[in-house]
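Me: Hi! Could you walk me through this one? I'd like to start with how its parts are numbered.

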Amino acid sequence: MESESIDSDSLKDDSSDFGSLYEPEVKTTKRRKQAGTGPQPPKRPKNNAGLRVTSSPNSSPISSPSVPSQQQQAFSQGTSRWVSPSRPVRNGNGESPEVGAKDIYDAVCSGKSAMVTVVDEWLDSYKRSREAGLLVLINFIVQSCGCRGVVTREMLDSMQNAEIIGTLTKEFDEESVTYPLTTPGPQLKRFKAGLSEFARVLVRSCSNSLIYDEYLFPSLLALLTGLSDSQVRAFRHTSTLLAMKLMTGLVGVAVTVLVQLQTTQRRYDMENSKSPSDRSSDRLQQLKDTVSELQENRMEVASMMNATFRGVFVHRYRDRLPEIRALCIEELGLWLKSDPEDFLNDGCLKYLGWMLHDKQSPVRLQCVRALQGLYKEKEFIGRLELFTSRFKERLLSMVLDKDPDVAVEVVNLLLVIQQTTEEGLKEEECGHIYPLVYASHRGLASAAGAFLCNKLKSVICSDAQEKDHRNNSAFLQILVSFSIQSEFHEHGAYLVDSLWAVASSELRDWETMTALLLQDAGLIYEEEGVLLDIMMCAIRQATQATPPAGRSQSKKLLSIKEKKIQEQDRSRITTHFIPILPQLLSKYSADEGKVSLLLKAPLYFDLEMYSSTQWLEKHLDLLLAQICDIVKKHTEATVLQACTHLISTLCSDSYTFSSRAHLVFSQLLDDLTESFNTYLSDLLQGTADEDDVYNASTALKRMAALSSAKDPTSWKLLGSCLELLKSRIESLDFDKELMVAALKFAGFHLMWAKVNVVSFKPAEAELRLLKKDVHWFCNICQSCLSLDQSEIRDQAFELLCDLLLLYSTCSVSTEPALRSLVHLPSDSLRAEMASFLLDYVFNNTEHFELDDVSEDQRMTIQKKRNQLAGYCKLIIYGVLDLTAATNVFRHYSKHLKEFGDIIKELVSRSKLINPIQSAKIVCLSLQQLFSEMLTECQNQQEIAEIKELAKKLALSFGIDLRRVRKPLVALHTDGIRFAFRSMQGEEGEHPNVAFLEILSEFSFKLLLQDRAQLAEFVKTECPSAALSWPPVKLYQRSLESHSRTKEPGERGGHRVSSHDTPVVTGKKTTARGSSSSTARGSWLESSSIHSQLLNPALTSTAQKQPAKSPRLNRPRAALSDAGSGVTEQDSEEEFSRSQMPNVRPTKQGTASSSQSAPPHEQEDLNSHLTMLSLIEDDISEEEEPEIEDYESDLESGYTLPSTRHTSASFLDELFE
């Protein structure tokens, strides 16, 4: 960077100052033919430095010669492919070159192995005849562009570059839209690498001789400059790649020459500083000549670099094709780092700053990577100060880039800036990056974790110079403070996963963590809870090596080394925590949240160490005793659930100590049973006081929780619980805690009884007794469904759904001896369960938007989803009749967000059970809604709602119209009969005739012959006068409007009709419920019945903004972008801390139909330019217009996933 001050205006594009130098001219002077004088290779004249000039400093950042020659002026104009050499050369002896264009092309396609040999052979032929050698190189370039044309010797001698390029354009392949650089598959990568390697080897082989012959490289670069300005994308792309790679090679040559020049100049100065007696005049003259020659070489190379930069880069860095823009920026990054003396200035850095706003993520990615290489060099920091101050805000906003790869690299760049610059980043600027440790994208979260870890360690180093465990203690305390201040401390698993790669040693320091937790005056209450959470998450990460829910794992299988490390971590954790865990449980036994976390720790131990290591056996007894004490102290559901899970694990038969665990927990259940029986008689007689009721309910609640892990049938408490429930219902004394615990315990008892029956095959008398108990329990649950206590009511409904399925016909289909156990729900129970759905699941009083809900509301939705899923399972497995699905189908439209996915699954399963019956049930659901509307007051809004429901249900029939032919006909038949059903003795319109408007929503799914039959059926069912009624006419039109539609088997598919019939394409769709057809208007808007509800257990910190409507594509394929620049846009919202608590679920995107632009008429049939699909209009403008089709960076999809359990498929959990 220059020492003088530079204001921000210097960062403006100055390409207009030199853009005119490379405008192609139609008329140019013809090149002079050179006569060869001998077979020897040409030598570069030594003393022609005075013929060179220095280009305008405003037009290029590269230093150039100071006096122009005619040759250099001709090259700068870019109008001719090569310029006249400074001396005559021979034309050759008529021999053909040994290496042809195809040989070079084959070498490039094959890889790098044969590149040096091919280049050396070509150089040999070039030295014999440079015109013939250059012709081979030109044809190789043409072939690399995918052009079928060939440049002949006559064209080379008589035509200028513009004429040659025009001729090649006419001969370009009109039928293909691809060229070698766009070939799909691995060939593209290999060809691009080969082409780059060819350019590198060519420059390296010519770096000491032919690069200065004033013929080869000027001619080659002039041709590439002309091709890079072509309207043909293949020419422009390929020539830009070669020109940029040659430029990179020339930059390397320039750096080498500069080093040689500086070394020789020092030698000359040392020799010249000697006294005259010691000075060697010959040596001094030799060094002086060498310095002059190196200066001349440097100016010549700088001249070619300057011309290439101005002629190719300045125009193509803003090309319409993003691959070309990314290529230019990638090479610019190499130039800036390799030759900072010439390139590392504001004149070149401005291009990186501008392209940070590019619309395509590959271009932005190359900009960021180029900046990473610059900021890593400390000697460059001073030259980057102005750039940093100008574009830091843009970089901070790019941490929310819509492309996660770009966002990752930006965070890495900001980390480098933080480490290398003196100022670094301010705390408010770091606040843009901190929340990303909770992002769902694992790469971005890990990058943010590295940034956070660096910041935390820098704070520790600035405060103290302590080491080892003391540093780890300070790190953990600061991390705990960060977690609390970030207001996301419930997401400890995501914080640990983000820091695991960079702070694993600190997070594996179990000794320091437990020491901090066991201190009496170490941490405050809240800090202890957060540290416990972090510790448990670190234990899970070390032993399982799996990312938390919502974060994808890059590799699924662990290597042998990683498995060994995992086993070592598990062994260390087990050895350390087995003695410490009882102490921690004892200290935090009264704290619900902390003890729930600690009870999960043994699940990650190597539990066999309890029995294999003798000195650890005593700690097993301490652990079992602590678990029993915790069960006796707590009645909270979370603590009891954690205890139950641990008890189930310790009692597993796979461990040798399981008998000891069974004994301890059996004794615990004995104590709880004895405590409950103490108060049972008083409870049954109604003489128990409040303390007795409380003590009995707490004992029964603990027993119910433990019953999910241990078989409670041996305690014979089922009858007592049922008697207790019966007495409470009869006396209308509804103690919520007591009755819920009694229901849960009785339900688990009957479930264990079914398991024992299947395992041990008891006598028939025992089966009859068990069936009697099931019947008794179901009657009690049925009575509870009408209570006004929501906890009792919900528990009874959920247990009913489970037990009715467990004792259903399908559950004993493989056990004929157990068929006497089948219990079918009575009609009254069916009605009660249907009423429960209507009153408490599909109730509108608590209907709210899912975009912004509280935790309590989210839990309410989750509870209702579980209840609805239980009811749907009863229908699917035949416990309830299929007609019970009407209680669910009719609510599909109104409750689409909350339950849409569950109802859609029920629709799909019902079609598999009985397609015709399912279609009739769909019609019955609509009939019920219509009848209810008539009993109240008919209005257009309610009819519109029913029609909307019908439209959604119609789409569930799919696109295979032949497969759903019979169900659809049955649906229409039932609907027509219902529409013309009337009361005897009444005249006028039938009350249900308006139902035909709803039925017409299913007409577009009918086949041609079925429409005709239904039209006749309508005439036979309705009175003659009814044919003129509006609903009847509307329905008939819905049938007739599709009569011209071809059947699916006919060629040409379906024509889109007025009712938005989906177009059946030639592709076969096998997925049920999916549709590959296209349609217009409202059909597309409702083309799927997928629910928009995500799993309730989710969180997010960055919500996608609504996508901008895409612009119509231009008729020509990607116009040349010589004048389409990039304007700076601050398009991202700041990720402020004030927005962090607003956790919002991400919405599923909806597909939109793409509109194809109408084809344009051919303007000139004789012009090959308009026939080529690869040709693009070249728009030259002085200013930089915005590149089109930019998608705003506001659409960043980073979400903060929840630590609550979410399965891969929520429906699998509900229905399995």
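Reply: Happy to! Helices here are DSSP runs of at least four residues, numbered from the N terminus. One note before we go on: this is a predicted model.

Me: Good. Where is the place of Ser-826, then?
Reply: Ser-826 is in the loop that runs between helix H34 (790-806) and helix H35 (827-841).

Me: And what does the side chain of Ser-826 make a polar contact with?
Reply: With the side chain of Ser-828, at 3.1 Å.

Me: How does Ser-826 count for accessibility?
Reply: Its relative accessibility is 34%, so Ser-826 counts as partly exposed; that class covers values between the buried limit of 20% and the exposed limit of 50%. As for the fold around it, the C-alpha of Ser-826 is 9.8 Å from that of Cys-778, although 48 residues separate them along the chain.

Me: Let's zoom out. How many helices and strands are in the protein chain?
Reply: There are 46 helices and zero strands. Of the 1216 residues, 52% are buried.

Me: What about contacts between residues at least 6 apart in sequence?
Reply: Among those contacts, 77% join residues at least 24 apart.

Me: Pick a helix for me. What does H32 reach from its first C-alpha to its last?
Reply: Helix H32 (residues 736-760) has 25 residues and reaches 36 Å, close to the 36 Å expected at 1.5 Å a residue. Lys-761 follows H32, and its phi is positive, near 50 degrees.

Me: Switching to rings: how many aromatic pairs does the structure hold?
Reply: It holds 28 aromatic pairs. In one of them, the ring centres of Tyr-317 and Tyr-351 are 4.9 Å apart with planes at 70 degrees, so that pair is edge-to-face. Tyr-317 is in the loop between helix H10 (281-316) and helix H11 (322-338), while Tyr-351 is in helix H13 (residues 346-355), 34 residues apart.

Me: Is Tyr-317 buried or exposed?
Reply: Buried, with a relative accessible area of 1%. Tyr-351 is buried too, at 1%. Both belong to a cluster linked by ring pairs, whose members include Phe-309, Phe-313 and Trp-335.

Me: Nice. Which ring does the charged end of Lys-594 sit over?
Reply: The ring of Tyr-525, at 3.3 Å from its centre. Lys-911 lies over the face of Phe-957, 3.7 Å from the ring centre.

Methods. Residues are numbered from 1 along each chain as its sequence is written. This is a predicted model: local features need pLDDT of at least 70, side-chain atom pairs count only at pLDDT 80 or more; totals for chains, interfaces and linings use all residues. Side-chain values use heavy atoms; hydrogens and water are left out. Helices (H or I, at least four residues) and strands (E, at least two) are DSSP runs, numbered from the N terminus. Buried means under 20% relative accessible area, exposed over 50%, partly exposed in between (1.4 Å probe, protein chains only). Contact means heavy atoms within 4.5 Å. A polar contact is a pair of N or O atoms within 3.5 Å; within protein, one must be able to donate a hydrogen and the other to accept it, and residues adjacent in sequence count only if both atoms are side-chain atoms. The expected span of a helix is 1.5 Å times one less than its number of residues. Rings of Phe, Tyr and Trp (its six-membered ring) pair if their centres lie within 6.5 Å; planes under 30 degrees apart count as stacked, over 60 as edge-to-face and the rest as tilted. A charge sits over a ring if NZ of Lys or CZ of Arg is within 6 Å of the ring centre and within 35 degrees of the ring normal.
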